[in-house]
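Hello,

Here is the structure I promised to pass on. My notes on side-chain contacts and surface follow below it.

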Amino acid sequence: MTVAFTLSRYIAKQFVLSVLLMLASLTGMVGLFDFLDLLRRASAHPNAGASVAAEIAALHLPYFTIIILPFATLLGGVLCFWRLTRSSELVVARAAGISVWQFLTAPLGCAILLGVLATTVVSPLSSIMYSWAEKLDQRYLRSDDGPLSIAGGSLWLRQSDQTTPHGIAILHARSVQFHNTALHIGNISVLRLDQNNELISRIEAPTGYLDHGFWVLDKASRVLPNELPTYIGRTVLPTDLTVNRVQESFASPDTLSVWALPSFITLLDRSGFSSIRHRIHFQTLLALPVLSGTMCLVAAGFSMRPSRHGGVARMIGSGVAAGFLLFTVSKVAEQFGKSGVLPPVLAAWVPAVAGLCLAIALLLHLEDG
C-alpha cells in the first residue's frame with residue numbers, strides 16, 4: 001500500500017509538471033498569435049498602438065488557458081506516460097503487481113482538480129479580464145456602437161409588472177441604439193397583462209430610454225380596452241434590468257463569471273431574452289473537470305504500451321488524434337446546442353461522458369486483455 005501510494009504521488013507530480021509545462025507553452029503560443037492579429041488590427045487605427053494590442057492580448061490569456069486546458073492535459077499526459085513507459089518505470093510497477101487503476105488514480109484526481117480550479121478560480125478571473133479586453137477592443141479597435149447596434153433590429157422584453165400584483169409587462173421597441181453608456185429605444189409598445197394574461201392597458205411612445213431601474217417613456221399614450229387613446233406624457237416602468245445587463249445579454253457569455261451565470265440566466269429568462277448561449281457556456285464550465293479527467297485517461301490508454309511491442313509512435317499519434325477528435329465533437333455539439341437542436345446539458349456533457357467511456361474501455365482492454 002505504501003509502495004503504491006509513493007508511486008502514485010511520484011506519477012502525479014510528473015503528470016502535473018508535464019501538464020503545466022504544456023499549458024504554459026500552448027497558451028504562450030496562442031497568445032502570441034492573438035497579439036499579432038491585434039497588432040494588425042491596431043495598425044489601421046491611429047489611436048491604438050502596440051501597447052494597446054499587448055494589453056488586450058495579456059487580458060485574453062486566462063480565457064485561452066481555460067480553452068487550452070483539455071489539450072494541455074492530453075498532450076502533457078501523453079508526454080508524461082510515454083516518458084515513464086520508455087524508462088520502464090511503469091513496466092516495472094505493473095510487473096510488481098500494481099495495476100493501471102492504482103497508479104492512475106492520483107493523475108486522474110490531479111486532472112479533475114485542475115479542471116475544478118479552472119472552473120471555480122480561473123473562470124471568474126477570466127471573465128473580468130475578458131470584459132476589460134472587450135472594452136479596450138471596443139474603444140480602440142472597433143468603429144461600431146457596441147453589441148446592441150451590432151444585434152440591430154427590434155427589442156422584445158418580458159418582465160414582471162411591479163405596479164400590478166403578479167402582472168406581466170411585454171415591451172417591444174422597433175429601434176435600439178446604445179450611445180454614451182445609455183440605452184435609447186424608439187417606436188415603443190408596452191402590453192400590461194394581469195395574472196390571467198388579460199390585457200390591462202397598452203402604452204405607446206415614440207421614444208424612451210433605460211434609466212436606473214426604470215424604463216422612461218416620452219410622449220406616451222395609454223390605451224385601455226374598448227377606449228380611445230389617452231395622452232399621459234412621460235411615464236416610467238420599473239424594471240430589474242440595467243444598461244450593463246442588457247448589454248451583457250448581447251455580449252459574449254465569456255464576460256460573465258461561473259458564479260454569476262445562474263442568476264443572470266434566470267434574469268434573462270424572466271426578461272424574455274434567449275439564454276441558450278449562457279446555459280451552454282455554464283454547462284461547459286461545469287463539464288470541464290470531467291473533460292480534463294477524460295483527456296488524462298485517453299493519454300494513458302494510448303501511451304503506456306511498452307516500446308518492445310513496436311508501433312509506439314503510431315499509438316501515441318492515434319491518442320493525440322482521438323483527443324482532438326473528442327474536442328472537435330464537443331465543439332460541434334456546442335454549435336448544435338446553440339442552434340436549439342440539442343438541450344444545453346446534452347450539448348455540454350455528452351462528448352465528455354462518451355469520451356470517458358471510450359477511455360475506460362481502452363484501459364480495460366490494455367490492463368485485462
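**Salt bridges**

Asp-137 has a relative accessible area of 5%, so Asp-137 counts as buried. Please keep in mind that this is a predicted model.

What does Asp-137 form a salt bridge with? The partner is Arg-41, and the closest N and O atoms are 2.8 Å apart. Arg-41 sits in helix H1, while Asp-137 sits in helix H4 (residues 100–140). The pair therefore ties together parts that are 96 residues apart in sequence. Arg-41 is partly exposed, at 23% relative accessibility. The cut-off for buried is under 20%.

The search of the whole structure gives 5 salt bridges. Two others from that search are worth a look.

One links the side chains of Arg-40 and Asp-37, at 2.8 Å from N to O. Both residues belong to helix H1 (residues 2–42). They are 3 residues apart, which is about one turn of the helix. Arg-40 has a relative accessible area of 53%, so Arg-40 is exposed. Asp-37 is at 31%, so Asp-37 is partly exposed.

The other pairs Arg-202 with Glu-204. Their closest N and O atoms are 2.7 Å apart. Arg-202 is partly exposed at 31% relative accessibility. Glu-204 is partly exposed as well, with 27%.

**Aromatic pairs**

Now the rings. A pair of aromatic rings is described by two values: the distance of the centres and the angle of the planes. How many aromatic pairs are there? The count comes to 3.

Take Phe-15 and Phe-81. Their ring centres are 6.0 Å apart and their planes are at 25 degrees, so this pair is stacked. The cut-off for stacked is under 30 degrees. Phe-15 lies in helix H1 and Phe-81 in helix H2 (residues 50–86), so the pair ties together parts that are 66 residues apart in sequence. Are these two residues buried or exposed? Phe-15 is buried, at 0% relative accessibility. Phe-81 is also buried, at 0%.

Then there are Tyr-63 and Tyr-130. This aromatic pair is tilted, with 4.8 Å from centre to centre and 50 degrees between the planes. Tyr-63 is in helix H2 and Tyr-130 is in helix H4. The pair thus ties together parts that are 67 residues apart in sequence. Tyr-130 is buried, with a relative accessible area of 13%. Tyr-63 and Tyr-130 also share one aromatic cluster with Phe-64.

**Nonpolar surface patch**

Last, the surface. Which residues form the nonpolar patch? They are Val-332, Phe-336, Val-341, Leu-342, Leu-346 and Val-350. Together they have about 490 Å² of accessible area. Helix H9 (312–338) and helix H10 (344–368) are the elements that give two or more residues to this patch. Leu-346, one of the patch residues, is placed in helix H10. Leu-346 has a relative accessible area of 41%, so Leu-346 counts as partly exposed.

Best regards

Key. Residues are numbered from 1 along each chain as its sequence is written. This is a predicted model: local features need pLDDT of at least 70, side-chain atom pairs count only at pLDDT 80 or more; totals for chains, interfaces and linings use all residues. Side-chain values use heavy atoms; hydrogens and water are left out. A salt bridge is a side-chain nitrogen of Lys or Arg within 4 Å of a carboxyl oxygen of Asp or Glu. Helices (H or I, at least four residues) and strands (E, at least two) are DSSP runs, numbered from the N terminus. Buried means under 20% relative accessible area, exposed over 50%, partly exposed in between (1.4 Å probe, protein chains only). Patches are made of residues with over 30% relative accessible area and no salt bridge: like charges are joined within 9 Å, nonpolar side chains (Val, Leu, Ile, Met, Phe, Trp, Tyr) within 5 Å. Accessible areas come from the Shrake-Rupley method with a 1.4 Å probe; for residues, only the protein chains shown count as cover. Rings of Phe, Tyr and Trp (its six-membered ring) pair if their centres lie within 6.5 Å; planes under 30 degrees apart count as stacked, over 60 as edge-to-face and the rest as tilted.
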